[in-house]
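Please read the following note beside the sequence and the structure.

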Amino acid sequence: MNSRIRHIASNTFREAVRDRVLYNLVAFALLLVGAAILVGQISIDIEHLVVINLGLTAVSLFGMVIAIFVGIGLVSKEIEKKTLYTVLSRPVRRWEFIVGKFFGLAGTLVVNTFFMAIGVFAALLYVSHHLHAPDAWVLIAVYFIVLQFLMITALALLFSSFSSPLLSAVFAFSLFVIGTFAEDLRGFAALTSGMARWVATGLAYLIPNFSALNIIGSVAHGQPVPGHLILYNSIYALFYAAMALSGAVLIFEHRNLK
Amino acid sequence: MSSRRRTTFLASILLTFFLGASVLTLVQVDRMRTGASLQEVLYITSPKAVKRLSLGYEGLLADVYWTRAVQYFGNKHHILARDYSLLAPLLEITTYLDPHLVVAYEFGANFLSPQPPEGSGQPKRAIQLVENGIRSNPNEWRLYYDLGFIYYLELHDYPQAAEAFSRGAERPGAHPFLKILAAKMAQSAGEIETARMLWITTFESANDKQIKLNAAAHLKALQSDENVLVLEKLVRLYQERTGHPPASLVDLVYANMLRDVPLDPAGRPYKLTSDGRIEVRNPDDIPFITQGLPPGYKPPVAPDLDKLKDALQ
């Protein structure tokens, strides 16, 4: 990574960390993990299951909210405050700005997820008194959640490179919802025929497949995750994020900033 | 080339490359998750909980669960599975979310009640599902028909089947076979002709392709069973007349007992064994047959309905 990208990334990280909304969201997520313990106590025999399900869902949802709402503001805020012109007047290229912003937010999300995951494991420890070997799969679920964040961050950046913050949020959130049902969309495609089948299948492969990265339910039941699935899911998420980032660079490169 | 042009060119290439690469990787991921993803769809098994979580969009969610049910059964059937434990809850959730989705009740009646590998072997649960369907759709004659179908074919409870058929016959637009079926239950339950009427009604009235295929396969099997029984009867008759068994089925043609050597539904001639029995040459090609099976024959784990797709054309 060149030094200019690194500087933009570290500034983005610092800015995001200073943002109070971010802390509120993390605190709220931790509160939800705490609530998981309470819910777990009234759910006979499935405390462990409830803590993992509710805890990881909280990590995923709040991380998504952070990724979308911080991601859509990355470009527009800079334009609004006119700081973008200062940055671009220096020897910084537009693509470096976009890539730097992506890495900055990705770093923020990784750190946030790390703290939220500690919360989940603390809750697990509190409920079960000790961690079991299958709980290690929860780490893989957390890793997959981080991969989802990378994809949605790149998409939020893509939308913010050509649209208003509000519309970008709507687009990104809609894609998140549609991507969660990606496999069902493919199911619908399988039930149709002819042109409709091709269109539905094409769409199903074009939208981000978040359901392939959602293994919360299975790790809650202690089911192992195959190594090759981890590998291919990682490659998929990185390719998809890189694709969205390339799109963002392409659009931002031609955007009229006057 | 200017810096901007270079960036545009490079970003376009990367965009195309990563798009293609991500689709290819996803195809690979899908292959790995075929089995796993189906198991994941039902961590919430309570229809009430799913309805609450739908936030009022139960119609859409019903469509999603219906798709999952069809896919679940189709994929399991395809891989010769013997366990369809999620089929009942998937259909129960679907119909709880949309009680007027008649095709889901019909699907349940056809594939919940038969024993594995044809279905999940839960006739009682199938009856419960169809009864719920009748409560929500009292004028749907097909549901009464489905109910009678389960009582007749799976539970062999002919009085209950007769009652279901006669209740269905009173509904508007009911298939004319229903009245006859109700009467047949009392007179000649267990006959091939009665079973044929049931499967014809299913074939004609079902909209779901899988249900139609299943009915077509059963009709072909009934045809084969009937052929075998008739041929064996003719062989016995030939022996009585001539004092010796026929050397082949051609002898029956020469004796004017048959117009031609009959073919089974798969297009192969029947085989006459030395002990006077009639056998089907390749029973794997005609799922669900009960007559003309070679001694010690074990059917495949799941019948290959794909082979019978042409029955619909």
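1. Basis of the model. This is a predicted model, in which local features need pLDDT of at least 70 and side-chain atom pairs count only at pLDDT 80 or more, while totals for chains, interfaces and linings use all residues. Residues are numbered from 1 along each chain as its sequence is written, and chains are lettered from A and ligands numbered from 1 in the order in which they are written.

2. Overall make-up of chain B. Chain B has 12 helices and 2 strands; helices (H or I, at least four residues) and strands (E, at least two) are DSSP runs, numbered from the N terminus. Read from the N terminus, the order of elements is α-α-α-α-α-α-α-α-α-α-α-α-β-β. Of its 313 residues, 39% count as buried. A residue is buried if 20 or more other C-beta atoms lie within 10 Å of its own, exposed if 12 or fewer, and partly exposed in between, with C-beta atoms placed from the backbone.

3. Helices α5 and α6 of chain B. Two packed helices are described by the angle between their axes and the distance between the axes. Helix α5 (residues 102-111) of chain B packs against helix α6 (residues 123-136) of chain B at an angle of about 160 degrees, and their axes are 9 Å apart. That angle makes α5(B) roughly antiparallel to α6(B). Axes are lines fitted to C-alpha atoms, for helices over the stretch in contact, and angles run from 0 to 180 degrees between N-to-C directions; under 35 degrees counts as roughly parallel, over 145 as roughly antiparallel, 65 to 115 as roughly perpendicular and the rest as oblique.

4. Residues of that contact. From α5(B) come V102(B), Y105(B), G108(B) and A109(B), and from α6(B) come A126(B), L129(B), V130(B) and G133(B). Two residues are in contact if their C-beta atoms, placed from the backbone, lie within 7 Å. Ala, Val, Leu, Ile, Met, Phe, Trp, Tyr, Cys and Pro count as nonpolar, Asp, Glu, Lys and Arg as charged, and the others, Gly among them, as polar.

5. Helices α6 and α7 of chain B. The axes of α6(B) and helix α7 (residues 141-153) of chain B come within 9 Å and cross at roughly 160 degrees. This makes α6(B) roughly antiparallel to α7(B). Among the residues that meet are I127(B) and I134(B) in α6(B) and L143(B) and D146(B) in α7(B). The contact has 9 nonpolar, 1 polar and 1 charged residues.

6. Contact between the chains. In all, 30 residues of chain A are in contact with 28 residues of chain B. On the side of chain A, α9 (182-191), α11 (216-220) and α12 (227-254) each supply at least two residues. The largest share, 15 residues, comes from α12(A). Helix α9(A) is largely enclosed by the rest of the structure, because 8 of its 10 residues are buried.

7. Cores. Which residues have the most contacts inside the largest nonpolar core? They are A154(A) and L245(A), in a core of 91 residues. A nonpolar core is a set of buried Ala, Val, Leu, Ile, Met, Phe, Trp, Tyr and Cys residues joined through C-beta atoms within 7 Å. Helix α7 (residues 136-160) of chain A gives the largest share of this core, 17 residues. A second, separate core of 60 residues includes W141(B) and A164(B).
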